[in-house]
Amino acid sequence: MVYYSVMLFGYVASWFNKRIFFYSLAAILIVMAVFRYGVGIDYFAYEYLYNALFPSVIDEIKYGLYDQEVGFRVIGAIFKNFGLTYQHYVGFFAVINLIYMVKLCKRYSINPTLSLLIFFCFYYVTWVFSAIRQGVVIAVGLYYLLKYIEEKKPFRLILVSLLLSLIHTSALILILFYFVSRINLKKKTLIVLSVISIIFSFLPTGILVNRLSWLPVIGDAFLYVDTSLSLNFLDFQGIVRIILLIMALVFYDYYSKQGEMS
């Protein structure tokens, strides 16, 4: 009931598109994230990992029991060194995540409240409550990716990506995104690439990935790849993504007229 109430408030607030409603919605999302208990698939898994950390940063780096990225483990060790609880720990990452989502909406959206509402409806529970490392990297990384694309500062983006990779290795893909963004792709080319990607999704790519699983990055991605021969592409998630893709292409000309960042 709480989540539906927040969605309703955000929907009504987006019609007014006023700063007070935007910050009110942001405050609600932050309070929910900081004071949650047990919400999110990975909540207790992260608690287990937090309890296993050494309170000494040096000891954690040298003798850490798990192979998560060193920066993420160091932050946890600092929290434990100051005697802070797991709730403080997850609350910290939730606040960082949401601060950068708010900054993104303010900087790039013509209706920040609506953008924040869309984030709440699609990704809030997944990337704030559950996949904490990935969520922080996505929020912070996306903000600086767009900022440095706009300002044409690749070296700063590379530095940010390297720092974020200490939280989650996937941040390194931001460097690729930056240089791909410099390629001037026409709408027809994007449509062709979209069709090819959909066709590619029907292929048994899991078998190929399985043969390349000895590579470090591919090995990590292997955990998320279906290696069976079943074609489960047209499930609920697949259909939703196709609809979002079609919407992006339909409104492509409208947003292109507003500028490159749109």
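Visitor: How do you know what span is expected of helix 9?
Guide: The model is predicted, and in it helix 9 covers residues 132-151, which is 20 residues. The expected span is 1.5 Å times one less than the number of residues. For helix 9 that gives 28 Å, and the distance from its first C-alpha to its last is 28 Å, close to the expected value.

Visitor: Which residue follows helix 9, and what is its phi?
Guide: Helix 9 is followed by K152, with a positive phi near 55°.

Visitor: What share of the residues in the chain is buried?
Guide: By the cut-off of under 20% relative accessible area, buried residues make up 32% of the 262 residues.

Visitor: How do you know whether the radius of gyration agrees with a compact globule?
Guide: For 262 residues the globule rule gives a value near 18 Å; the chain has 20 Å, therefore the two agree. The C-alpha atoms fill a box of roughly 55 × 55 × 40 Å along the principal axes.

Visitor: How many helices and strands does the chain have?
Guide: There are 16 helices and zero strands.

Visitor: What is known of the charged side chains?
Guide: The chain has 21 positive and 13 negative side chains, and the centres of these two sets are 12 Å apart.

Terms used:
Residues numbered from 1 in each chain as written. Predicted model: local features only at pLDDT ≥ 70, side-chain atom pairs only at ≥ 80, totals over all residues. Heavy atoms only, no water. Helix = DSSP H or I, 4+ residues; strand = E, 2+ residues; numbered from the N terminus. Rg over C-alpha atoms; globule rule 2.2 N^0.38 Å. Buried < 20%, exposed > 50% of the residue type's maximum accessible area, 1.4 Å probe, protein only. Lys, Arg positive; Asp, Glu negative; His and termini not counted. Charge placed at Lys NZ, Arg CZ, Asp CG, Glu CD.
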